[in-house]
Amino acid sequence: MATPLPDPLRLRRPRRTARTTLRPVTRDDAAALHAYRRLPQVCASLSHEPLSLTEVEQRIEGRLTGVDPTPGRQVRGLAIEHEDRVVGDAMLRTQRGTGGAPELWIGYALHPDVWGRGLATEVAEELCAVSDELGLPVHADAFVDNPASHRVLDKAGLTQVGRSADAGRQVVLFARVAG
């Protein structure tokens, strides 16, 4: 039997960057997350269509239990607070990579009214710090037509390592490459 995947929420929290606080998502965050996860311009960069409030609540439940829709993965969620309000959320997903070793995949979504301020880079850097604390390699992906996320992941220390497909669209795969 394989060893259990590490739970990123067992680490110190809340986590802080220069301008944000990252804390475990709660059921009370549903309305704040729905405020941007329902917007087409946000979902254009994500692998889902705009979400209803009920769908956001279901995502939060999955983050609270750690259950990912894909078997063999564990997913946790963090609310991103800036200036005393929730402006985004982040994903920490542990899964087994090639050869069965655990790895961490990160993701984030922010409300458009905070885009372009460098918050995504701060968040991505802190999510990479979680991988360091867990001792796991870190991975992320972004759609080919999302150069803003490519820049964020590059600034956070990840390198483009390949391409794949997600939701029928081409994605660029990123990882922290030792060197």
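I began with Asp132 and found this residue partly exposed, with a relative accessible area of 48%, in what I note at the outset is a predicted model. I then looked up the partner of Asp132 and found that its side chain meets that of Arg176 in a salt bridge, at 2.4 Å from N to O. Since Asp132 lies in helix H4 and Arg176 in the segment after strand S8 (169-175), I record that the pair ties together parts 44 residues apart in sequence. For Arg176 I read 32% relative accessibility, which counts as partly exposed.

Next I followed shared partners, and noted that salt bridges join Arg15, Glu126 and Glu133 into one network. For the whole structure I wrote down 12 salt bridges.

I turned to Arg85, which forms a salt bridge with Asp113, the closest N and O atoms being 2.8 Å apart. This pair, too, links distant parts of the chain, for Arg85 is in strand S4 (residues 85-96) and Asp113 in the loop between strand S5 (102-110) and helix H4 (119-134), 28 residues apart.

Last, I looked at the rings. I found zero aromatic pairs in the structure, but I did find the charged end of Arg169 sitting over the ring of Phe143, 3.6 Å from the ring centre.

Terms used. Residues numbered from 1 in each chain as written. Predicted model: local features only at pLDDT ≥ 70, side-chain atom pairs only at ≥ 80, totals over all residues. Heavy atoms only, no water. Phe/Tyr/Trp six-rings, centres within 6.5 Å; stacked < 30°, edge-to-face > 60°. Lys NZ or Arg CZ within 6 Å of the ring centre and 35° of its normal. Salt bridge = Lys/Arg side-chain N within 4 Å of Asp/Glu carboxyl O. Helix = DSSP H or I, 4+ residues; strand = E, 2+ residues; numbered from the N terminus. Buried < 20%, exposed > 50% of the residue type's maximum accessible area, 1.4 Å probe, protein only.
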